[in-house]
Amino acid sequence: MKDWQKYSDAALLDYIALDDAGAFQEVFRRYWEKLYGVAYNRLKSSQAAEDVVQEVLSLLWIRRKESAIQHLGKYLTTAVKYCVFYEIRKIQQRSAQEQNYAQMGAGALVRQLTPADELLFKAFVQELELEKGKLPEKCRLVFHYSRELGLSNKEIAEKLKLSPKTVEAHISRAIRQLRTTFKGPGAFIFF
């Protein structure tokens with residue numbers, strides 16, 4: 001068994017690219033606390049901070065073969081910051097929507113989801129994840145950065161070393177494919 005603590009970040013990344021879970025566990029051990037601190041400092045929620053760090057580290061593993069990371073610590077910290085900003089944006093949007101409902105007197109229209117609604121929503125989310133998994137790798141990655149992490153097309157182009165037009169094409173393709181699968185009124189809202 002290797003003593004991963006002796007390995008540099010660059011060496012760990014090389015082993016991770018070769019599917020070595022031990023190297024990934026060492027990255028997890030090295031960076032979890034720092035990344036959690038960055039996320040918690042902004043979100044002030046333990047659960048939200050854990051979710052953000054888990055998402056970033058999971059993506060590191062998922063994209064281990066296509067990654068060209070030069071400075072792992074900086075990369076992970078930046079990724080956590082982007083995810084935190086996206087979470088804050090979602091919270092602000094939710095808050096703004098709630099204020100709009102209150103101002104319009106539509107508070108009565110907002111209701112709790114029934115167990116049946118929750119099951120339908122979970123089934124939709126599972127189906128969405130399956131369909132996203134069918135997208136080509138670059139297309140799926142661009143869609144994730146755009147729709148889930150909230151990065152601009154320019155940021156995605158710089159991050160993935162693509163042209164902005166290529167990024168737009170990937171996003172359009174993903175949306176077109178997902179809309180084809182999820183037909184019906186209101187489907188456009190999710191994409």
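Me: Before we look at particular residues, what does buried mean in terms of relative accessible area?

Reply: Buried means under 20% relative accessible area, exposed means over 50%, and partly exposed lies in between. In this structure, which is a predicted model, E26 counts as buried because its relative accessibility is 6%.

Me: Which residue forms a salt bridge with E26, and how far apart are the closest N and O atoms?

Reply: The general idea is that side chains of opposite charge can pair when their charged atoms come close. Here the partner of E26 is R30, and the closest N and O atoms of this salt bridge are 2.9 Å apart. The two residues stand four apart in helix α2, which spans residues 21-43, so about one helical turn separates R30 from E26. While E26 is buried at 6% relative accessibility, R30 is partly exposed at 24%.

Me: How many salt bridges does the count come to?

Reply: The count comes to 12 salt bridges. One of them joins the side chains of E66 and R63, with an N to O distance of 3.8 Å, and this pair is counted because the cut-off for a salt bridge is within 4 Å. Of these two partners, R63 is buried, with a relative accessible area of 9%, whereas E66 is partly exposed at 34%.

Me: Where do R140 and E137 lie, and how many residues apart are they?

Reply: Both belong to helix α6, residues 137-148, where a spacing of three residues places them about one turn of the helix apart. Salt bridges that share partners, for their part, join D9, E26, R29 and R30 into one network.

Me: What is the N to O distance in the salt bridge where the side chains of R140 and E137 meet?

Reply: The side chains of R140 and E137 meet at 2.2 Å, N to O. R140 is partly exposed, with 23% relative accessibility, and E137 is likewise partly exposed, with a relative accessible area of 31%.

Me: Turning to cysteines, how many disulfides does a search of the whole structure find?

Reply: A disulfide is a covalent bond between the sulfur atoms of two cysteines. In this model, a search of the whole structure finds zero disulfides.

Me: Is C83 buried or exposed, and is C139 buried or exposed?

Reply: C83 has a relative accessible area of 6% and is therefore buried, and C139, with a relative accessible area of 0%, is buried as well.

How values were computed: Residues are numbered from 1 along each chain as its sequence is written. This is a predicted model: local features need pLDDT of at least 70, side-chain atom pairs count only at pLDDT 80 or more; totals for chains, interfaces and linings use all residues. Side-chain values use heavy atoms; hydrogens and water are left out. A disulfide is a pair of cysteine sulfur atoms within 2.5 Å. Buried means under 20% relative accessible area, exposed over 50%, partly exposed in between (1.4 Å probe, protein chains only).
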